[in-house]
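I opened the model to look up a handful of packing details. My notes follow in the order I took them.

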Amino acid sequence: MLWWSLSRAGVRVNSCAGQTERTSMLCVGWMGRRTAATVLWIISLSWICLPACAQMRIPPETVQEWANTFGKQLSALSARYSGSLLLQKKYKDIEPIVKIEEVNGMELVRKFAEEMENMLGRKMKSVKRMAEAAEDADLYHEYNATLEFDYYNSMLINTMDEDGNYVNLGGEFPLEENEHFNKLPVNTQQSVIQVPTNVYNKDPDILNGVYMSEALNEVFVSNFDKDPTLTWQYFGSSTGFFRLYPGIQWTPDENGVVTFDARNRNWYIQAATSPKDIIIVVDTSGSMKGLRLTIAKLTINTILDTLGENDFVNVIAYSDYVQYVEPCFKGTLVQADLDNREHFKVLVEGLHVKGEGKVKKAMKEAFRILNEAVTMGKGSLCNQAIMLITDGAMEDFQQVFEEFNWPERRVRVFTYLIGRELTFAENVKWIACNNKGYYTHISTLADVQENVMEYLHVLSRPMVINHDHDIIWTEAYMDSVLFNTQAQSLLLMTSVAMPVFSKKEETLSHGILLGVVGTDVPLKELMRLAPRYKLGVHGYAFLNTNNGYILSHPDLRPLYKEGKKLKPKPNYNSVDLSEVEWEDTEDILRTAMVKGETGTMSLDVRATVDKGRRVVFLKNEYFYTTINETPFSLGIVLTRGHGKFIFTGNISVEEGLHDLTASDVVISNEWTYCETDIDPHHRKLTQLQAVVRYLTGKEPDLQCDEALLRQTLFDAVVTAPMEAYWTALLLNASGIDDGIETAFMGTRSGLMRLFRFVGAEKRVAKKFLSTSDKDNLFTLDHFPVWYRRAAENPAGRFLYYVPKDMRDVFRDYEVDYSTSFGPRDHNSECEDDGRILIAVTTVTVTVGQKTAVAGAVGVQMSLEMLEKRLWAITTQPNDTDCAGVEGLCPLSCTKSTELNCYIIDSNGFILISKDRNEVGRFFGEIDGSVMSQLLRMGMFKRISLYDYQAMCKVNPHSTSSARPLLSPFYNMMAALKWFMYNVLLFLLDFNIFGLWHSDHFVDAKASFHASSKKSKGDILQPCDTEYPSFVYEPSIKETNSVIKCGRCQKVFVIQQIPSSNLLMMVVQADCDCSRQYSPITMEPREVKYIASVKCDRMKSQKIRRRPESCHAYHPQENAKDCGGAADIRLSIALFLTSLFISTIISH
């Protein structure tokens, strides 16, 4: 390429040769006999011309020399202080005595699934014992309406009154911190009782239930003795109380209220009923205005909360016409997963009243949807029900039911009469009683919860009468209501539960559900059964449900950060497998796993490391199978090249123990070398302590992974010389180079060696490889970042990067979250950001034609030291021979304001720059013009990635409050009419007798204000995003180019730094191209779908596996038990007064 040059320091006036004739004349700069104004005019034109006529010259050969020199220094430092050559030699020496085996993925996934089945089977046996004990206790319990019984109320235990005496239902209740229960203070010898605030804790039903269920205490303790891995065991009673083991002190919310009600929890609802199709039909006619509509909305939301991912739903509103709350869902049922339920709630909030109530059309539409679902094989194919929410029904319904539902009465109809008015109570009750449903009257907001729950008891009747004890497993969830500590409330878990029935003969036809028993299984404990060391550096295991939703996956991100608070995403437990394994575009993997099949498949995938900032291209092998007796399927991923082979060695325990206990050795405390959670005495042991005690014979009863221990001991022996090597460097007379701080290495067995060359007070890296630096340690979910990145580099060649905790694709609106540890303090900034550099490379073992990664080794240096070396290399001395050199001479990256010099990595991130604020940022953000040119030239490639778990900001819609200006008289009459109308509504909704129930009024007022309160500012909602990653094309070693930017031309030279993943870039600094070229960022862009596509995505129903059992009918069911109205008297005087006021308003 021909390079022209012009130095601003020595511009020659005749350097414009070759330009057009007109431009050349202007550039001559002659001084004629014209006026001074003419001279100034010519000079100004010449200065305009100069930048356009000239361009800087940056000699590529000079940049190449700089890059080679810097590369040699960097490589020498890395190899010397990491000890990589020694470590590779040690593993080379043992190649004759090791075996390399190909990992059998299918055998591995079956073994993992069998172990998970055994673990989950023990939980199911515990639940069965609880159910049997509860039913037997009820069978022999005689109900006593006058029973007096003191129990341990979790809200009141250890609470004293002013006189120093324990309060009623309190008493002394010993609590002790327990490692097994996240260090919560618990009592493992006794359970406690929790009663929601809206339930009277001495109600006869509560006292009899608590007394009867005392028999569970013994079973709880016995279960925990038999299976010490059990966590919380509980019994949720149909009357409202909740028995929890081990006992804890319950903490109410900030208002002193206990909102937790076991009957609202998924494990209770799914165990109490079979899958169901629900159509909610709500009256939005004019008579539903005011509090009635508020009660109706809360009733809808409460019904939605009783649904799970095995259920299907739709919501219809009616007045003069039938309206689907979500028009996209017209005429169909949609899965009642968390995402859809929350979507319905938002839409229900926007309902308004008008017109007359024509319920007949709405009921026909509801029946039509349910009938079509059965005909087409959609929905749950089990229970079907219509929920009618109205303040009155005047039409004749018999014809509708004769046409659609009688005589089979396959669809149950539940009716909810809203408001104090009882005029239409008999009509509304008749509808329910003649369609195997249940009628309830809801007059205040406080009544909603209890009345809605009645329908669950009705739907459970066939199952109860038949005594079918179906065991259910829930989807993944977090219980932020039950637990108020962040470590516990943000813990992903699944629950196993079983219904408890009354076995008394006299109540058989009524099908009385006593409650539900269950226990929790933290998903991180389940995933320990698929150990990381068997899966390799990029391998992983994952679980999904019969509905295709993720139960556990290392790429699942269930939390986001709103302000300073971590919160579960609205759709955190309805993330589909296809949204995480999104390269499976044909849903082949998802379909096979949902169907419970066993098999294997291969995929080329674009995976990411470093929280989405860097892309790696992998060839993944997927192996999957079902976990028997559960709705779950297990999959594992092995990466070709990394997960395909594993090497094993053997060594004596004595030799291995000596090296394992060296001061520089640590092993992963999140991996299970030995099971420390079985015996309470072992729970405070670290994994290293447990291993040593087991191998020395001090704890022979410990259950340990023998294969992992053998490999760990072998690695300890092979890597033992590293400590002596690093120590010798430290003691060398020549000393340690400034800026060299830490040498480290890690092996596939989770063993790490760490050597600090500098004391803590002098180290720049305060966080790197500390116990809080989870990204760089072996955890339950992943290998360290440096290990994963090194594995993608050829063995022996160092990879360099700057750990920078900013610009992560997933952190602008949310935080990354791993189930393997508690959430970090995301408010604190990383102390090492942009101040250190990591150099790392892999070490391999080869036997025959098989090569396995044995580990990775590296060194951490300060960035300041490398900056000094680079600036020294890139500064030509003042005595440089500049003869014959056109342009800047001598060249300097630091002294010259006309040059910007950068070191960037193969993903385009800046490692070194004159401006330290640019370190760690993507180069395209700093200079979009040069990055655009590199993309056009093919030196970098843009890779599109997708995130289906993102959270995006949306602006809440606001309506204008402007109104036309009216006459004073009209305004006065409008105000009077508004006042009289609202007084009327108040009188109708709260008659004289209702005023005595002041708690109801307070509840109504508080709930109404809470529901009407609007959030300020931006709202976060789930969305799909597309974001780029950039990758260097290594076949292009060097390039240079010119970018035309209006009046100037920008020159740049880029050169690969040998034996690294780095590039040196020298760019002309005095040519601003920002107007012509926008920055190129890695910011995620929300994927906007057109209305029709969005609708199709929302209502699409992917393949799912229905639960095996369904209990929708039993001939002995007593359908006559269908509810009744409360005895509320109507005030005649009040009615006449209201009628008179209404007449005035209407006129």
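**Leu514.** I started at Leu514, which sits in strand β16 (residues 513–522). The model is a predicted one. Is Leu514 buried or exposed? I count Leu514 as buried, because its relative accessible area is 12%, and buried means under 20%.

Next I listed what Leu514 touches, leaving out residues up to four places away in sequence. I found Asp138. I found Phe235, Gly236, Ser237 and Ser238. Val500, Phe501 and Ser502 complete the list. I then checked Phe501, which lies 13 residues from Leu514 along the chain. Their C-alpha atoms are 5.3 Å apart.

**Whole protein.** I stepped back for the totals. The protein has 1147 residues, and 55% of them count as buried. I noted 31 helices and 40 strands. I also looked at contacts between residues at least 6 apart in sequence. Of these, 75% join residues at least 24 apart.

**Strand β23.** I moved to β23, residues 633–639. How many of its residues are buried? Seven of its seven are, and I put the strand down as mostly covered. I sorted the side chains by direction. Ser633, Gly635, Val637 and Thr639 point one way. Leu634, Ile636 and Leu638 point the other way. Residues of both sets are buried.

Which strands pair with β23? I have two entries here. Strand β17 (residues 540–544) runs antiparallel to β23, joined by five bridges. Across that pairing I found Tyr540 opposite Val637. Strand β22 (residues 614–626) also pairs with β23 in the antiparallel sense, over seven bridges. There, Glu621 has Leu638 as its bridge partner.

I followed the chain from β22 to β23. The two strands form a hairpin, with six residues between them. I flagged Glu629 in the turn for its positive phi of about 70 degrees.

**Helices α20 and α21.** I then took up a helix pair. Two packed helices are described by the angle between their axes and the distance between the axes. For α20 (residues 653–660) and α21 (residues 687–695), the axes come within 11 Å and cross at roughly 150 degrees. That angle makes α20 roughly antiparallel to α21, because angles over 145 degrees are counted that way. I recorded the crossing as left-handed.

Which residues make the contact? From α20 I listed Val653, Leu657 and Leu660. From α21 I listed Leu688, Val691, Val692 and Leu695.

**The five-strand sheet.** My last stop was an open sheet of five strands, in the order β34-β33-β39-β38-β37. The pairing is antiparallel. I marked β34 (910–913) and β37 (1038–1045) as the edge strands, since each pairs on one side only. The twist averages 20 degrees from one strand to the next.

Inside the sheet I checked β38 (residues 1048–1056) against β39 (residues 1062–1068). Five bridges join them, and they run antiparallel. Gln1055 has Met1064 in β39 as its bridge partner.

Two helices that pack on this sheet went into my notes. Helix α3 (residues 60–82) touches β33 (899–905), β34, β37, β38 and β39. Its direction makes about 145 degrees with that of β39. Helix α27 (residues 928–937) touches β37, β38 and β39. I noted about 125 degrees between the direction of α27 and that of β37.

Key. Residues are numbered from 1 along each chain as its sequence is written. This is a predicted model: local features need pLDDT of at least 70, side-chain atom pairs count only at pLDDT 80 or more; totals for chains, interfaces and linings use all residues. Side-chain values use heavy atoms; hydrogens and water are left out. Axes are lines fitted to C-alpha atoms, for helices over the stretch in contact, and angles run from 0 to 180 degrees between N-to-C directions. Helices (H or I, at least four residues) and strands (E, at least two) are DSSP runs, numbered from the N terminus. Angles under 35 degrees count as roughly parallel, over 145 as roughly antiparallel, 65 to 115 as roughly perpendicular and the rest as oblique. A crossing is left-handed if the near helix is turned anticlockwise from the far one by less than a right angle, and right-handed if clockwise. Contact means heavy atoms within 4.5 Å. Buried means under 20% relative accessible area, exposed over 50%, partly exposed in between (1.4 Å probe, protein chains only). Two strands pair if DSSP finds at least two bridges between them.
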